[in-house]
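Let's walk through this structure together, one feature at a time. Keep the sequence and the 3D view open as you read.

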Amino acid sequence: MQVEITDVSGKSIEGPVLLDIIVIDQNDNRPIFREGPYIGHIMEGSPTGSTVMRMMAFDADDPGTDNALLRYNILKQTPDKPSPNMFFIDPEKGDIVTVVSPALLDRETMENPKYELIIEAKDMGGLDVGLTGTATATIVIDDKNDHPPEFTKKEFQATVKEGVTGVIVNLTVEDRDDPATGAWRAVYTIINGNPGQSFEIQTNPKTNEGMLSVVKPLDYEISAFHTLLIKVENEDPLVPDIAYGPSSTATVQITVLDVNEGPVFHPDPMTVTKQENIPIGSVVLTVNATDPDTLQHQTIRYSVYKDPAGWLEINPTNGTIVTTAVLDRESPYVHNNIYTALFLAIDSGNPPATGTGTLRITLEDVNDNAPDIYPTLAKVCDDTKDLRVVVLGASDKDLHPNTDPFKFELSKQSGPDKVWKITKINNTHAQVSLLQNLKKANYNIPILVTDSGKPPLTNNTELKVQVCSCKKSKMDCSAADALHINMTLILLFSLISLFCL
């Protein structure tokens, strides 16, 4: 600022001159820890003098004076074991370091692996006249994997029924490391006795137990006893100076209990090929089922389980299957030419056990179905100029070569009644035509259709033709009530029918 001297009249005597005012700092601000919470971590077994964390306080006084010159001190340590002076703080830098030997910095022997330190920061270079501020520093002793897991006993026992899967025994271990870390979590391995991979072991994440399971059913007749050698390790590796010992391995003795198992068909499914229409009582197959319980010397009896069409029976003693009805490939119970039946094999155990076998019979076709024609009714106008009456089609339930090409025939006509003609269109269809217009009436035309089987089969079917009056594009068949049929055709039709029988 500037000052000036004047007399009573206001006349300047001296100045103006620059005047500097220096404000001397007063120690009126305490040190403040303003970056908390302060949490540090140190690994157990760390060497003496290992740095844990740094504590820094702030003082608002003049940093160029002792008013802001801070010194640090530990006021209190909780807990105070195994030593009341586990840590030291650098008075000037605020670095907290360990001051005990690595052996005392052992997490597993501590009452609580967490320490709380009351840290004091004092200004005036730590003199008694200085102002103070405090903060709490939390120091966590972190675990390292310095304790291997150990089985609670050297040998475990388990019992399991053959054919059953699932957990059979829980293996217990002890580990002094922190349960929240990979230094505690166990990993189990079967190192011997599991060549067929029938067993599997997983870790229970809550209890750290090893859950030993059967994943492939065991067979009593192959082996009634199994001995497994199992080792346990941690997820994290052990520290270099620690190794897994004998207690980190154990044996499991497993006893397999015999269960009465059902007989097994060989092969399954069983397949055979037969012609349809073979004589009743024909042998289809002799089945073979064996009992897995070879040490029990049981007998086996057979029975029919599912025979949808009721065509088969089985000898209960020797397993021979014979027909009790005619096998029909065209039956609705046959799918893709295959008839399927199921049979049971029942042993003499107490209680008895049952096995199921599948028989698949492939049926070969024989010419046992005469062809059918369609349609069997046709209508035509009495004054039509187009004498074509109807296109007939034929179908046959049999398979080639017992089906088409079909042969279509019209019974021979004589005299003035030769008014119909049938002409082949292709292998499955023919055209029926008039040779002349007819008067209004109903006519029954005998049609013969023959398949290509060896020997062939012929079907005799009457085609009903209604000759109707047609006026103004309307067909009236109501008066076509007189049935006109040539007697010669009737006689010929009858003779042909008898001949074909």
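**Disulfides, a sheet and salt bridges**

The structure holds two disulfides, a disulfide being a pair of cysteine sulfur atoms within 2.5 Å. Before we look at each of them, a word on the model: it is predicted, so local features need pLDDT of at least 70 and side-chain atom pairs count only at pLDDT 80 or more, while totals for chains, interfaces and linings use all residues. Residues are numbered from 1 along each chain as its sequence is written, and side-chain values use heavy atoms, with hydrogens and water left out.

A disulfide is a covalent bond between the sulfur atoms of two cysteines. One of the two here joins Cys381 to Cys470, with an S to S distance of 1.9 Å. This pair links distant parts of the chain: Cys381 is in strand 29 (residues 377-381) and Cys470 in strand 35 (residues 458-471), 89 residues apart. Strands here are DSSP runs of E, at least two residues long, numbered from the N terminus. The torsion about the S-S bond of Cys381 and Cys470 is about -90°, so this disulfide is left-handed. Cys470 is buried, at a relative accessible area of 18%; buried means under 20%, exposed means over 50%, and partly exposed lies in between, using a 1.4 Å probe and protein chains only.

The other bond is formed by Cys468 and Cys477, whose sulfur atoms are 1.8 Å apart. Here the torsion about the S-S bond is about 100°, so the disulfide is right-handed. Both Cys468 and Cys477 are buried. Counting bonded cysteines along the chain, the pattern is 1-3, 2-4.

Strand 11 pairs with strand 18 (residues 249-257) in the parallel sense over seven bridges.

Next come the charged side chains. How many salt bridges are there by this rule? The count comes to eleven, a salt bridge being a side-chain nitrogen of Lys or Arg within 4 Å of a carboxyl oxygen of Asp or Glu. Among them, Arg54 and Asp95 meet at 2.5 Å, N to O. Because Arg54 lies in strand 4 (residues 51-54) and Asp95 in strand 7 (residues 95-98), the pair ties together parts that are 41 residues apart in sequence. Arg54 is partly exposed, at 47%, whereas Asp95 is buried, at 15%.

Glu92 forms a salt bridge with Arg71, their closest N and O atoms being 3.8 Å apart. Glu92 lies in the loop between strand 6 (87-89) and strand 7, and Arg71 in strand 5 (residues 71-78), so this pair ties together parts 21 residues apart in sequence. Glu92 is exposed, with a relative accessible area of 56%, while Arg71 is partly exposed at 23%. Finally, Arg329, Glu330 and Asp365 are linked in a network of salt bridges.

Conventions: Two strands pair if DSSP finds at least two bridges between them. Helices (H or I, at least four residues) and strands (E, at least two) are DSSP runs, numbered from the N terminus.
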